[in-house]
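Visitor: I'd like to learn how to read a model like this one. Could you take me through it, feature by feature?

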Amino acid sequence: MSLFETALPLAMLGVLVLVLFSGFPVAFCLAGVGLVFALVGGMLDMFVPAQLFLIVSRIWGSIADNLVLVAIPMFIFMGIMLERSGVARHLLEILSVLMRRVPGGLALSVVLMGTIMAATTGIVGASVVMLALLALPVMMERGYDKGITAGVISASGTLGILIPPSIMLVIMGDLLAIPVGDLFTGAVIPGFLLSGLYLVYIVVMALLKPERMPRLEKKPMADGQSLLGLVIRGFLPPTALVVLVLGSIIGGFATPTEAAGVGAFGATMLAMVNRTFSFRLLKDVVQGTALTNAMIFGIFCGATLFSYVFRELGGDDAIVHLIELLDLHDWTLLLLLMAIIFLLGFFFDWLEITLIILPVFRPIVMALDFGDAVPKDKILLWFAIAVAVNLQTSYLTPPFGPALFYLRQAGQGYLTLGEIYKGIIPFTLLQLMGLLLCLIFPTLVIWLPSYVGY
């Protein structure tokens, strides 16, 4: 490629970065930059404008006609229904009772609740807001350190991006041509590994600095309540839903799309059991699902146009050419790709990063060779899960860090933005530790998919 042919697609990426900082809707940024550079490429005889008519068929073939992506609106529905039906509130109540004698018991309850909710829904914003509304006032009342409180709620709420069923993994499977079942099973151990790291950190901090996380006092049960009753009411229903959704996928009994349907139905049944279901609730949940789904698929359409023009201008070849010039060892190159994704997470949302970066990185990763450490046919799966763990940090790293702003909005009057930023530092380091463990020990990712026969 000539220097000019390399420069144009790279300039396209640079302009996109600048436009994204404008605050304009991401879907329009992607589509607008794609159209502008299609016209520029046409004037420079590097792109045939008539090719733009192919965009509609590409959007239909890759998005609208993709049965796997049908799982996304159903997982969104399940998450919103669980949030608004009171299931989460009962879950936190029983967990706090069960963990009251353990150091840092309330913080541990929040992490466990975030883990269970992550295994039933992949909506991070809803999880963080829900945890903040339910746990923040209680933790402040019990004298918990503000930094610990902010970090625990933010990090626990972001587990839904990784632990299946995760919307991000569904999208990754489509972008990287990896079976979603592979991604779901591959993400189970890394997801629970992160949760375990949070739990260990909380217990250690509670033992070293007990004044930051005072133990809960034992309170008498309310009339008509028993521990067994609380467990049956608040713990077993969401756990059963996890088994139905996640277990059916891992066990090979259902596809992710079918399991999503089961999850949506199960969440509705739980709302009925809790006597919180109403047609007004159903209307609100459907409305919220439609708005979130429209946002995601709007970005899909814009990204399809952008990536098509980028490839036609030689963008893939330009990136590969630059990588070849660096002449890096395969492990060094992998770390460089991870560093790029981590840095992008400071400024962009995971959806933007995955839709723009993953199709570009895919041919590079497929050409890597890690010898006996990672089988050739598992490299892309291992890389995808490592990226998913990496992208979880994008929810906690300022200045973008959406989880931080969800917490700030839900926790007004309790936490300042400075206290939130300070509190997430150790949890971001724990996430990077989890990423490093997944890179050093690829078996954490590839063992379970191999074991269940995917």
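Predicted model: local features only at pLDDT ≥ 70, side-chain atom pairs only at ≥ 80, totals over all residues.

Visitor: Now charges. How many salt bridges does the structure hold?

Guide: The count is 2. The general idea is to look for a side-chain nitrogen of Lys or Arg within 4 Å of a carboxyl oxygen of Asp or Glu. Aspartate 145 is in the loop between α7 and α8, while arginine 212 is in the loop between α10 and α11, so the bridge ties together parts 67 residues apart in sequence.

Visitor: Are those two partners buried or partly exposed?

Guide: Partly exposed: aspartate 145 has 26% relative accessibility, and arginine 212 has a relative accessible area of 22%. Buried would call for under 20%.

Visitor: Which residue forms a salt bridge with lysine 146?

Guide: That's glutamate 419, with the closest N and O atoms 3.8 Å apart. Lysine 146 sits in helix α8 and glutamate 419 in helix α19 (residues 417-440), so this pair links parts that are 273 residues apart in sequence. Lysine 146 is partly exposed at 34% relative accessibility, and glutamate 419 is partly exposed too, at 24%.

Visitor: What about helices? What span does α2 reach from its first C-alpha to its last?

Guide: A handy check is to set the end-to-end span beside the one expected at 1.5 Å a residue. Helix α2 covers residues 26-43, which is 18 residues, and reaches 26 Å, close to the 26 Å expected. Then ask which residues are covered: the buried ones in α2 include Val26, Leu30, Val33 and Phe37, along with the glycines Gly34, Gly41 and Gly42. After the helix comes aspartate 45, whose phi is positive, near 60 degrees.

Visitor: And cysteines? How many disulfides does a search of the whole structure find?

Guide: It finds 0. For a disulfide you'd want two cysteine sulfur atoms within 2.5 Å. As for where cysteines sit, cysteine 29 is buried, with a relative accessible area of 2%. Cysteine 438 is buried as well, at 1%.

Visitor: Which backbone oxygen lies 3.3 Å from a polar atom of the side chain of threonine 397?

Guide: The one of glycine 345. Threonine 397 also has its place in the loop between α17 and α18, and it is buried, with 3% relative accessible area.

Conventions:
Residues numbered from 1 in each chain as written. Heavy atoms only, no water. Helix = DSSP H or I, 4+ residues; strand = E, 2+ residues; numbered from the N terminus. Expected span 1.5 Å × (residues − 1). Buried < 20%, exposed > 50% of the residue type's maximum accessible area, 1.4 Å probe, protein only. Polar contact = N/O pair within 3.5 Å; in protein donor to acceptor, adjacent residues only side chain to side chain.
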